[in-house]
Amino acid sequence: MKILFTMLIVFTLAFSITGCSKNNDKTVQKDSSSVYLDGEIDSIEEMPEKDANNVFSASVSSAPEMAFPSPTTGMDGSSDWEYDLDRNGVPEIPQLVTLDEGMGQRFELWEGNKLIWSEEGYFAHMGYNALFLCVLDGEAYLLRYHPTMYQGIGTYNYQLFFPENGTETVVRENSMNFDTNFCEGKPVHGEFDPEAIAAFMDEVNDLLSYSTQLLNTDEELLDTFAGKTVAPQDTLGWLDLFDRDHSKSLLENLQAFQRARQGENIDP
């Protein structure tokens, strides 16, 4: 009887220990299921690190591509930029930044870690811009040139300036408007003065002859300058749509263009 009673006690204790062990296993498995999410996280310790990485990648975008403008050599052929455009005794550092995956560009002037001036341009027609380094009598300037054409209406302007204390000091500027639309011998919207156009272009091209291109998103100007080994010159590319005579001057070709559009069809 005592032997039977002792065996019964041992059996009961063994059953209780086994049951507790199984319950503990279930508890561990239940806790683990809330941590191991389809194998994405290996341990509880990894959770803060991975969450932080996800936040970082979502909030920080790639920096724009930067490169020195081409060309950036000085007018004397030196390889380093040595110009002090803001006249404070410290040469700037130029950078050309690519914008919107190549849709535009920004030219920047830096002094150390300080951005002192910048100018943007886009390759879409409304965003055309052209900027040049112009050195006259040993002084460096920036030349901004905007030759725009919309449905035959020309609006050309330029500014020669230098950045000073965050503003632009303009030392020379000019503008010109003309209309290439002709009806019954007269322009539809405005005037077309070959002498005035030629005089303006002579003025611009004289400045360009002392200039180096820094920024140019104007596709028509880029086509005009393509393949040129000398200083950039604007030859009015739209005249090439007319039968331009390259043996004649710009003024003579403008006069011939006017006569032809007015119906006289007189050769230069």
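Start by selecting Phe192, which counts as buried because its relative accessibility is 6% (buried means under 20% relative accessible area, with a 1.4 Å probe and protein chains only). You are looking at a predicted model, where local features need pLDDT of at least 70, side-chain atom pairs count only at pLDDT 80 or more, and totals for chains, interfaces and linings use all residues. Residues are numbered from 1 along each chain as its sequence is written, and side-chain values use heavy atoms, leaving out hydrogens and water.

Now show the rings. A search of the whole structure finds 17 aromatic pairs (rings of Phe, Tyr and Trp, the last by its six-membered ring, with centres within 6.5 Å; planes over 60 degrees apart count as edge-to-face). Pick Tyr145 and Tyr156: this pair is edge-to-face, with 6.4 Å centre to centre and 75° between the planes. Tyr145 and Tyr156 are both buried. Go back to Phe178 and Phe192, whose ring centres are 6.2 Å apart with planes at 85°, so this pair is edge-to-face.

Move on to Arg87, which lies over the face of Tyr141, 4.9 Å from the ring centre (for Arg, CZ within 6 Å of the ring centre and within 35 degrees of the ring normal). Arg87 also lies over the face of Phe162, at 4.2 Å from that ring centre.

Key. Rings of Phe, Tyr and Trp (its six-membered ring) pair if their centres lie within 6.5 Å; planes under 30 degrees apart count as stacked, over 60 as edge-to-face and the rest as tilted. Buried means under 20% relative accessible area, exposed over 50%, partly exposed in between (1.4 Å probe, protein chains only).
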